[in-house]
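Work through the exercises below with the sequence and the structure at hand. Each task is followed by a solution in steps.

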Amino acid sequence: MKIAIASGKGGTGKTTLSTNLSSFLSETESIILVDLDVEEPNSGLFINGNLVYQEDKFKMIPEWINNQCQLCGNCQKVCNFNAVMKLGKRIMVFPELCHGCYACSELCPTNSLPMKPKRMGELKHFKLGNLDFIESKLIIGEEQAVPLIKQTLEYVDKQFPKDNIIRIYDSPPGTSCPVIEATKDADLVLLITEPTPFGLHDLKLAVDTMKKLNKNFGIVINRYGIGDDKVLSYCKDNNIPIIAKILNDRKIADLYSNGKLLYKEIPEVKKQLEKVRDYILKYQTEKMK
Amino acid sequence: MKIVLTAKGKEWDSKIDPRFGRTEYIFIYDEDNDKIEILDNISVTSEAHGVGPKTAQKIFDANADILITGNGPGGNARTVLESGNLDIYVGASDMTLKEAYDAYKNDELKKF
Amino acid sequence: MKEIVIVSGKGGTGKTSITASFAYLGNKDVIVADCDVDAADMHLLLKPDFGNPKDFYSGLLAKIDQEKCIKCGKCAAVCRFDAIPIINGKFIVEPLNCEGCGYCPLVCPTDAIEMNEQNVGRLFVSNIKTESKMVHASLKIGADNSGKLVAEVKNKAKEIAENEEKKFILVDGSPGIGCPVVSSLSGASFVVLVTEPSVSGIHDLRRVYQVIKKFGIKAGCIINKADVNKNKSKEIHNFLEEEKIEFIAEIHYDENFTKAMTYGKTIVEYDNGEIKKILEDSWEKIKELTTNL
């Protein structure tokens with residue numbers, strides 16, 4: 001079962017929830033946690049597992065070979081991203097602009113632009129007790145998150161071909177491409193928000209996104225107690241299930257700022273995680289019917 | 001020598017366009033023949049990505065020797081320009097094209 | 001005319017709240033550009049009138065004319081993005097997956113595929129509660145990259161600032177380190193880093209600073225919620241010294257930030273004590289640092 005944890009707004013507590021939830025669940029069963037916020041993956045700051053595997057991740061980029069090129073310029077013509085340019089007697093490729101569509105390469109009459117791998121990030125696989133934790137990170141200067149998110153999901157599918165283990169995907173913030181990629185195959189999405197005007201505004205965007213993707217989703221309200229009750233009203237008015245509420249607590253900020261998990265030291269947080277667990281179980285049983 | 005200036009207009013008293021990639025016009029002055037050619041860059045400015053290199057390509061294809069602009073080209077555009085053995089001068093931001101050209105002639109502009 | 005860009009790396013540090021405060025303090029001297037287009041929030045504090053809406057197009061979307069389609073499958077065979085699934089025996093483009101590369105129309109034997117410009121959002125030039133303007137945008141759900149839209153927002157803001165002879169453009173930058181951030185940073189005169197004293201905050205601060213370093217732009221830092229963890233705050237100070245980043249201010253954790261938000265106010269409108277003074281001093285310092293580059 002695949003559970004994605006997302007939010008419209010950044011900083012609402014996705015990583016806090018995904019790391020605490022996965023650690024809590026792993027006390028009694030095998031769990032997989034995947035950090036897909038590849039621009040700024042943070043789960044690893046809270047989970048200290050043993051590194052069991054690591055690999056560089058590549059995207060395919062055309063590379064010009066001079067031997068047979070007739071300088072016809074077709075490559076520049078077919079590229080919609082201005083990533084290939086004919087300059088005098090050379091063909092120049094701009095890797096960051098390339099989307100890897102292969103058009104220039106496959107349509108070249110002389111095979112002068114073979115696709116070659118270019119390193120764009122790194123995947124790491126850690127293990128801690130029953131928890132398998134996979135994290136991917138983009139190298140600085142690399143701008144496209146989607147290819148790395150895709151490849152990370154492929155790695156997880158390959159390592160764990162059966163669907164009987166719960167997978168938790170910590171998604172990037174926002175509502176654009178990277179979030180779509182991270183959540184589109186999820187069975188259930190947990191949207192985490194905070195009860196403030198920014199939280200509500202961005203939650204609505206996230207809800208619209210989930211509806212467009214036809215996802216089943218529920219809300220977890222973090223820092224409950226600050227702000228106002230408009231998020232609550234919005235959820236009630238729109239029949240959106242509120243799965244858990246994590247109270248605003250200075251102690252939480254303290255533990256979090258030191259990279260510590262919360263539920264072992266704050267019983268109230270553990271109670272809320274139990275609520276999330278119960279919701280997941282209920283969802284699983286209903287799905288099987 | 002062929003001198004190129006990033007411009008906001010088509011006259012010598014038009015202002016320099018401080019941007020490179022999304023410059024409105026490319027003003028080309030052929031010193032040897034005292035001829036002026038002006039390229040409208042609007043088709044490039046409406047593109048999503050790779051605007052710098054596209055503008056640079058126009059300048060490359062024009063066989064320019066010198067580029068005078070405001071802030072200077074970004075990474076990719078610079079790569080394109082440097083492959084054409086072009087010298088780039090910056091700092092002309094608030095000048096007219098004529099003032100910028102004179103400043104270049106008097107060694108008052110900074111080489112990029 | 002100088003460009004001040006405010007970034008944070010990590011979400012939730014208070015970047016937007018602080019930028020809005022500077023916009024309020026800057027008043028007539030600044031044009032505001034909200035480049036956090038994926039989840040734009042500044043309008044909740046600055047009360048724009050959403051004037052001059054302009055549709056924004058970016059990228060292309062393939063469309064298959066079913067009448068011309070002979071179902072040869074060549075389009076699906078060349079598509080690297082799984083964007084042409086077969087639905088009910090028909091080849092139909094899945095808009096959320098299509099990258100707009102334009103390869104499929106090139107191989108279609110019956111010219112059945114068209115590439116159309118996508119309307120991905122809207123751009124606004126608004127009057128805001130101060131005597132100034134804000135350029136902002138909204139991106140449609142699942143729309144492709146905000147890099148170009150960020151550039152458009154900034155360029156529009158620059159245009160207005162130049163025409164109205166404003167001293168500063170204040171840019172609320174995007175989170176992370178990808179396309180939109182790079183776009184937010186290009187052309188910046190000075191960058192303000194807003195961070196918080198936590199392992200996540202510091203981790204992301206370092207990462208976003210690497211991007212800024214590559215651009216060679218001068219930077220300053222505000223440590224928000226500084227009293228939540230004094231050790232981590234110290235760590236940040238060490239990092240600032242190491243990298244020669246200007247220390248601008250420390251702001252203690254204060255629930256007035258949130259309270260002010262619920263009233264649709266910036267913190268400097270709502271608060272009358274220490275935080276207001278710190279932000280006022282910070283704004284003066286930032287202006288000074290930016291002007292003296």
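Domain bounds, as used here, come from an automatic or database domain assignment. The model is predicted.

**Exercise 1.** State the domains of chain A and how far apart the C-alpha centres of domain 1 and domain 2 lie.

Solution. Step one is to read the assignment: domain 1 of chain A is made of 2-58 + 121-288, and domain 2 covers 64-113. Step two is to compare the C-alpha centres of the two domains, which are separated by 40 Å.

**Exercise 2.** Describe the fold pattern of chain B and find how its radius of gyration relates to the globule rule.

Solution. Begin with the elements: chain B has 4 helices and 6 strands. Their order along the sequence is β-β-β-α-α-β-α-β-α-β. The globule rule gives 13 Å for 112 residues, and the radius of gyration of chain B is 12 Å, close to that value, so chain B is as compact as a globular protein of that length. Next, take the extents: along the principal axes, the C-alpha trace of chain B spans about 35 × 25 × 25 Å. Burial comes next, with 46% of the 112 residues of chain B counted as buried. Last, consider contacts in chain B between residues at least 6 apart in sequence: 46% of these join residues at least 24 apart.

**Exercise 3.** Determine which elements of chain C contribute two or more residues to the side that touches chain A.

Solution. First count the contacts: 46 residues of chain A are in contact with 48 residues of chain C. The elements that give two or more residues on the chain C side are helix H4 (103-107), helix H6 (179-185), helix H7 (199-215) and helix H9 (256-262) of chain C. H7(C) supplies the largest share, 8 residues. By residue class, the side of chain C that touches chain A has 19 nonpolar, 18 polar and 11 charged residues.

Key
Residues are numbered from 1 along each chain as its sequence is written. Chains are lettered from A and ligands numbered from 1 in the order in which they are written. This is a predicted model: local features need pLDDT of at least 70, side-chain atom pairs count only at pLDDT 80 or more; totals for chains, interfaces and linings use all residues. The radius of gyration is taken over C-alpha atoms; the globule rule is 2.2 Å times the number of residues to the power 0.38. A residue is buried if 20 or more other C-beta atoms lie within 10 Å of its own, exposed if 12 or fewer, and partly exposed in between; C-beta atoms are placed from the backbone. Two residues are in contact if their C-beta atoms, placed from the backbone, lie within 7 Å. Ala, Val, Leu, Ile, Met, Phe, Trp, Tyr, Cys and Pro count as nonpolar, Asp, Glu, Lys and Arg as charged, and the others, Gly among them, as polar.
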